[in-house]
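Let's take a friendly walk through this structure together.

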Amino acid sequence: MRNSGAGRREAILRAAAELFAERGFRGVSIEDLGRAVGTTGPALYRHFPSKEALLAEVLLDISERLLHGGEDRVAAHPDPADALDALLHGHIAFALDEPALITVHDRELGSVPPEPRHRIRRLQRAYVEQWVAVLARLRPGTAEPVLRTALHAVFGLLNSTPHSAGELDRDRMADLLFRMARTALLTAAE
C-alpha cells in the first residue's frame, strides 16, 4: 500500500464496504481485505483491532459524514425549502455514489459490537432530526411523528438504489429520486 495513513485508512474502509456488500461480513476474511488494498491481512491490524472494529468504522464513518454534511447544508441554506433541497441532493448523491454502504448497513449492522452500534444509531437519529427540523419549519402545523414517519419512508425510497440505480443514467436517476422524495415529503406534511 503506497497511500499515506489517512489515505490508507480510507482505502481500507472503501474496500471493506465493497467486499462486505458483495459477500457479506462473514464471507470476507481479513486476508481478503488485505489483498483488496495491496497488503497482507495481518497488516490491517495496525489500523483496526479486529474485523468487527473495521465493520463498525465503515458504518460510523458514513453516519458521521451524513450527519456533518447535513449540518453544513442546513447551515448554508437558511430558507427551509432550500435546506430541504440541499439535504435531498446530498443524500441522493450518497445513495447513488455509495450503494455498497447502504447494503452493508442493511445486512450487517447486527454484526457490529453493541457500543459502536449504539453510536451509529445515535448519529443516525441526529441526522433524521436535522431533516425533521427542516420539515417542521416548512410545515409548522404538522406533528413531528408524521414528519419523522414520512422521512423514514423517503429514506427507504432513496436507499433503494442498490436495487434500482442501474436502470437509468445517474443524472436521470438523481432527478427522479429528487422529485419523488420532495413530493412525498411535502405532501405528507400537508
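## An aromatic cluster

In this predicted model, Tyr-127, Trp-131 and Phe-155 come together as one aromatic cluster. How are the rings of Tyr-127 and Trp-131 placed as an aromatic pair? Their centres are 5.9 Å apart and the angle between their planes is 75°, which is an edge-to-face arrangement.

Are Tyr-127 and Trp-131 buried or exposed? Tyr-127 is buried, and Trp-131 is buried too.

Four aromatic pairs are found in the structure. One of them joins Phe-20 and Phe-25: with ring centres 5.3 Å apart and planes at 65°, the pair counts as edge-to-face, because planes over 60 degrees apart fall in that class. Phe-20 and Phe-25 are both buried.

## Where helix 6 meets helix 7

Now follow helix 6 to its contact with helix 7 (residues 144-158). The two axes come within 9 Å and cross at roughly 120°. This angle makes helix 6 oblique to helix 7. As for handedness, helix 6 passes helix 7 in a right-handed crossing.

The members of the aromatic cluster turn up again here. Helix 6 brings Tyr-127, Val-128, Glu-129, Trp-131, Val-132, Leu-135 and Ala-136 to the contact, while helix 7 brings Glu-144, Leu-147, Arg-148, Leu-151, His-152 and Phe-155. Sorted by class, the residues where helix 6 touches helix 7 are nine nonpolar, one polar and three charged.

## The loop between them

Pro-140 is found in the loop between helix 6 and helix 7. Its relative accessibility is 69%, so Pro-140 counts as exposed. For a sense of distance, look for Gly-27 as well: Pro-140 and Gly-27 are 113 residues apart in sequence, and their C-alpha atoms are 48 Å apart in space.

## Helix 3 alongside helix 6

Helix 6 has another partner to look at, helix 3. The axes of helix 3 and helix 6 are 9 Å apart, and the helices pack at an angle of about 20°. That angle makes helix 3 roughly parallel to helix 6. Here the crossing of helix 3 past helix 6 is left-handed.

Which residues of helix 3 and helix 6 make the contact? From helix 3 they include Ala-56, Leu-59, Leu-60, Ser-63 and Leu-66, and from helix 6 they include Pro-116, Ile-120, Leu-123, Tyr-127 and Val-134. The residues of this contact between helix 3 and helix 6 divide into 12 nonpolar, four polar and three charged.

## Helix 3 against helix 4

Last, move to helix 3 (residues 51-76) and helix 4 (residues 80-97), whose axes come within 9 Å and cross at roughly 155°. Why are helix 3 and helix 4 called roughly antiparallel? Angles over 145 degrees count as roughly antiparallel, so that is the name for this pair. Helix 3 passes helix 4 in a right-handed crossing.

On the helix 3 side, the contact is made by Ile-62, Leu-66, Gly-70, Arg-73 and Val-74; on the helix 4 side, by Ala-83, Ala-86, Leu-87, Gly-90, His-91 and Phe-94. In terms of class, the contact of helix 3 with helix 4 has seven nonpolar, three polar and one charged residues.

Technical notes:
Residues numbered from 1 in each chain as written. Predicted model: local features only at pLDDT ≥ 70, side-chain atom pairs only at ≥ 80, totals over all residues. Heavy atoms only, no water. Axes fitted to C-alpha atoms, helices over the stretch in contact; angles between N-to-C directions. Helix = DSSP H or I, 4+ residues; strand = E, 2+ residues; numbered from the N terminus. Parallel < 35°, antiparallel > 145°, perpendicular 65-115°, else oblique. Left-handed = near helix turned anticlockwise from the far one by under 90°. Contact = heavy atoms within 4.5 Å. Nonpolar A, V, L, I, M, F, W, Y, C, P; charged D, E, K, R; others polar. Phe/Tyr/Trp six-rings, centres within 6.5 Å; stacked < 30°, edge-to-face > 60°. Buried < 20%, exposed > 50% of the residue type's maximum accessible area, 1.4 Å probe, protein only.
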